[in-house]
Amino acid sequence: MKIRIKGGRVIDPASGLDRAQDVFVAASHIVGVGQAPADFHPNQVIDATGLVVCPGLVDLSVRLREPGFEYMATLETEMHAAAAGGVTSLACPPDTDPPLDEPGLVEMLKFRARHMPGPRVYPVGALTWKLKGERLTEMAELQEAGCIAFSQADSPMVDTQVLLRSLEYAKSFDLSVWLRPQDAYLAREGVAHDGVVAARLGLPAIPVPAETVALSTILLLVRETGARVHLARLSSRAGVDLVRRAKHDGLPITCDVGIHYVHLTEMDTADFNPNCHLVPPLRSLRDRDAIRQGLADGTIDAICSDHAPVDEDAKELPFQEAEPGATGVELLLPLVLKWARETRLPLPQALSLITHHPAAVLGLDAGRIRVGGPADLCVFDPEAGWIVSPSALASLGKNSPYLGLEMQGRVRYTLIDGHLDYRSSPT
Amino acid sequence: MTVNPQLSADGRLKHLLTLDGLPARILNQILDTAGSFISINDRDVKKVPLLRGKAIFNVFFENSTRTRTTFEIAAKRLSADVVNLNIGASSTSKGETLLDTVANLSAMQADMFVVRHASAGAAHLIARHVAPHIHVINAGDGRCSHPTQGLLDMFTLRHYKGDFHNLTVAVVGDVLHSRVARSQIHALTTLGCPEVRVVGPKTLLPRDVESMGVHVFHKMEDGLRGVDAVLMLRLQNERMQGSRLPSAGEYYKNWGLTPDKLRHAKPDAIVMHPGPMNRGVEIDSAVADGMQSVILSQVTFGIAVRMAVMSMLAGGQP
């Protein structure tokens, strides 16, 4: 299959390329940018006039809900949703049921994902057995089965001795460990930021030190072990400050934030909207602004969707009882565009955070447009307006804080490995 | 935040979910209406036909005999038919969701739900999902809100002090876990009380509580100095010993309202408590039964206030 993508604004954040030209794809690779290779006769021409052609998005956290949570979403629906969001590579956290703590489970997931359309799937293995924070998993075996990194997902690692040893063990194989910094005791029973809204509504609170205490512990252990650690889902200004200093000191760390933390704050929970019940909690405006600052100055390496489709029964509950999480893989791009518009950030710089930067976290040569590279591409209309509604979302999870609101920017085509895995229906 | 879910398009009270954001106009209207019901409660025949034929369901997901009883009395004095349901925690363990339970009860031709639930926002959730003709009264949701208690406290204050505009009021105790305290604070600030204080150890006060418009005191003597009213809060048994407090004894010594501590307030200050009281923990018997205590008046006024709310919701404006 040979495809010519014609006349789009081609942006490759990694190389700084940003100009209107054609992209040529043959089989699974990009074979030409600007200039067609000799004797190139496309089977298909995609008219990208007025559209942006960028590397396929790389999302560091997409819950596919299989195995175990098929009542929330299925591999098939969420793979399709991810493609509809322009995502061509994704990492899925191990918080399935059972968790991804055995090679067989990982192999099965990879096998099934490979045989359906949609992004390349990179499972993150469980760092400890059953995510209990007690016994290490067979990390070397899991890596062979296809795990790209290891994490506790949102399960706590209470025992700091196990944490230290898991970092040492991972370091022995030079494996990457992803940790969401949250002290289990300080966060106990909490569901909301310890701020003005929790004070008003009487919601059990999670103070900022729940993040900073855990973060400080992790940073000290990284200093001790030299392990490669990725810090997931920062939520606070103090947390961003700690990471900034640690990076300045040269620690081998990277970090990400969820897209919703770039826009929303505790104020969005003031009407008990269960779709704004997230982990970590949405914090204050000052925290959100610090996250934006951290993204602008490079402290934060990547933005992920932290996609968590949840069924209606688990969401239509009082705030604190509702299952946390928000659907988001289809909103990642429009919300990044929104952030770029609001902060007057050049589009290529904004796209870095969802393309080659997260690819670097994964250690992948993805998220780029270059001749000879894989044909993973996202073609989107930066101006197209649409309303977030259950029917507009391909994900089975309709739990978005943005339901009823307008987005600007919509994916038109997603190419994965040279295949046109998604095209939007004509509007 | 979206539009106020408690008010109808023409600005009338549709549900009573929280006092947070309810305009002073509505609060005063409830208090005035309650005033007109006080005399009914002193008559031999304590009944008016305002809600004849209306079905009021007391839906209690969290047990409470006292609050449920006062709502029941209020509904019966308005001639409504009352159904009491103690759902407890068991219904959810049977697999029925909160909204299924509500849908089932709606199908039984209810006109009004009086809801108590252990989680903040439960009444809001129910109000969002009931049929348009059904009214919801929040009888306590988690730590969030207990609006009729807040209103009856305002009624009591107004009864004894006349007006809110010159008052200094102290709310004392476990503000963190108290829906009563939150409702009191919202009502007091809305009604124009110029100084609202909260008094208690840092472990029992929410972070950022000042954002609600209150002054924070940790020492009782300072917090009570010159106040016109002391609003005591109940300390739950399970909170008396643990990571927030070392013992009931130390709590009593520092924050228990004794005649000695009360002397720091104005000589004519009144003492209130939402009940049930822990004598010898948050309040000394000499104060609870003393001249300045208006605790039993609160209970009496509570019925009139609940009648006022129910009649305004389901009976149209009286």
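Two strands count as a pair if DSSP finds at least two bridges between them. Keep that in mind as you explore this predicted model.

**Stop 1: a pair of strands**
Select residues 168-172 and 195-199 of chain B. These are strand 5 and strand 6, which run parallel and are joined by 5 bridges. To see one bridge up close, pick B:Val169 in your viewer: its bridge partner, in strand 6 of chain B, is B:Val196. In general, strands of a sheet pair through backbone hydrogen bonds, either parallel or antiparallel.

**Stop 2: the sheet around the pair**
Now widen the view to the open sheet that holds these strands. Across chain B, its 5 strands follow the order 7-6-5-8-9, with parallel pairing. Select 215-217 and 270-272 next: these are strand 7 and strand 9 of chain B, and they stand at the edges. Each has a single partner strand, so one side of each is left without a neighbour in the sheet. Turn the view and look along the sheet: on average, neighbouring strands are turned by 20° against each other, direction ignored.

**Stop 3: the whole chain**
Zoom out and select chain B, with its 12 helices and 9 strands. Along the principal axes, the C-alpha atoms fill a box of roughly 55 × 45 × 40 Å. How does the radius of gyration of chain B, 19 Å, fit with a compact globule? For 318 residues such a globule would have a value near 20 Å, so the two agree.

Notes. Residues are numbered from 1 along each chain as its sequence is written. Chains are lettered from A and ligands numbered from 1 in the order in which they are written. This is a predicted model: local features need pLDDT of at least 70, side-chain atom pairs count only at pLDDT 80 or more; totals for chains, interfaces and linings use all residues. Helices (H or I, at least four residues) and strands (E, at least two) are DSSP runs, numbered from the N terminus. Axes are lines fitted to C-alpha atoms, for helices over the stretch in contact, and angles run from 0 to 180 degrees between N-to-C directions. The radius of gyration is taken over C-alpha atoms; the globule rule is 2.2 Å times the number of residues to the power 0.38.
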